[in-house]
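Hi,

Here is the model I promised to pass on.

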Amino acid sequence: MKILVLDIDGTITDDERRVNCKVIEVIRRLDIPIVLATGNIVCFASATARLIGTGGIVIAENGGVVKTSLDGKEYVLGDIVRCRRAFDLLKTHFKLEKLDSEYRGTEIAVRKNFNLDVARAILDGANLGVNMVDSRFAIHIKDKRIDKGTGLKKVVELLGWSTEDVIAIGDAENDVEMLQTAGLGIAVGNADQKLKTVADFVMEGKYGAGVIEAVERFIN
């Protein structure tokens, strides 16, 4: 059995977050499980799954929350308390702007308006058990033990699958662990260089065109 895991923003959408409708047509024809994996909040992930018809298996908040069905239980894996401590420390150095704060349960997302390398150095020195990842659309302060790869492992465990059967497709550095965990990791053509380095294959097509290329090459 094959399982397809798709990042959302920058993978099935373009850089303006517009969904590629041709991708939706292609994946709806697939007779395999499809998982959506995102740095976005769980209600967004579930709503997207419902809208495009993928069945409701989602990895949200960069692995902080997973669900195996649209109306099923939310498995909370990340520790928001660690992230709050890190945020409080960083806001003494930068003017940070939270995004979707009332809906995030396991991480803190902030606008990309500060020096990420300096912020990472501050957190590394504080040893708070968190790290920061760039999803290209926001910076995420998250539990260091959690990522899309650990979220994928949890989904596989809950559903009795094997990671060897997983084909994962992404575009950004927060997809690195997901691609490394999957049996086959694929970067779309617009992916950042860090992800391309760890991917098993890099598609020529960008955004949704790269997803379609991967499906035609490795699934159909």
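Let me start with a helix pair: α1 and α8 are roughly parallel to each other, taking angles under 35 degrees as roughly parallel, over 145 as roughly antiparallel, 65 to 115 as roughly perpendicular and the rest as oblique. Before I go further, please keep in mind that this is a predicted model, where local features need pLDDT of at least 70 and side-chain atom pairs count only at pLDDT 80 or more, while totals for chains, interfaces and linings use all residues. Residues are numbered from 1 along each chain as its sequence is written, and side-chain values use heavy atoms, with hydrogens and water left out.

Back to that pair. Helix α1 covers residues 21-28 and helix α8 residues 207-218; their axes come within 8 Å and cross at roughly 25°. The axes are lines fitted to C-alpha atoms, for helices over the stretch in contact, and the angles run from 0 to 180 degrees between N-to-C directions. Helices (H or I, at least four residues) and strands (E, at least two) are DSSP runs, numbered from the N terminus. The α1/α8 crossing is left-handed, meaning that the near helix is turned anticlockwise from the far one by less than a right angle (clockwise would be right-handed). On the α1 side Lys-22, Val-23 and Val-26 are in contact with Gly-208, Val-211, Ile-212 and Val-215 of α8, where contact is heavy atoms within 4.5 Å. Sorted by class, that gives five nonpolar residues, one polar and one charged. For the classes, Ala, Val, Leu, Ile, Met, Phe, Trp, Tyr, Cys and Pro count as nonpolar, Asp, Glu, Lys and Arg as charged, and the others, Gly among them, as polar.

The other pair I looked at is α3 (residues 80-90) with α4 (residues 116-126), packed at an angle of about 120° with axes 11 Å apart. α3 and α4 are therefore oblique to each other, and their crossing is right-handed. Ala-86, Leu-89 and Leu-90 of α3 make this contact with Ala-119, Ile-122, Leu-123 and Ala-126 of α4. Its tally is seven nonpolar, no polar and no charged residues.

Now the salt bridges. The structure holds 16 of them, each being a side-chain nitrogen of Lys or Arg within 4 Å of a carboxyl oxygen of Asp or Glu. One of them joins Asp-71 to Arg-50, with 3.5 Å between the closest N and O atoms. This pair links distant parts of the chain, 21 residues apart: Asp-71 is in the loop between β4 (65-67) and β5 (75-76), and Arg-50 is in helix α2 (residues 42-52). Both Asp-71 and Arg-50 are exposed; buried means under 20% relative accessible area, exposed over 50%, and partly exposed in between (1.4 Å probe, protein chains only).

Arg-104 is buried, at 9% relative accessible area, and Glu-107 is buried at 1%, whereas Asp-100 is partly exposed at 34%.

Two strand residues next. Leu-4 lies in β1 (residues 3-7) and is buried, with 0% relative accessibility. Its C-alpha atom is separated by 5.9 Å from that of Val-166, 162 residues apart along the chain. Leaving out residues up to four places away in sequence, Leu-4 touches a list of residues including Ile-27, Val-35, Ile-167 and Val-215.

Gly-185, in β11 (residues 184-187), is also buried at 0%. With the same exclusion of residues up to four places away, Gly-185 touches Ala-168, Leu-179, Ala-199, Asp-200 and Phe-201.

Finally, some backbone angles to check. Asn-62, in the loop between β3 (57-60) and β4, has a phi near 55°, positive in a residue other than glycine. Asn-62 is buried at 1% relative accessibility. Arg-136 also has a positive phi, near 80°; it is in the loop between β8 (130-134) and β9 (139-143) and is partly exposed at 32%.

Cheers
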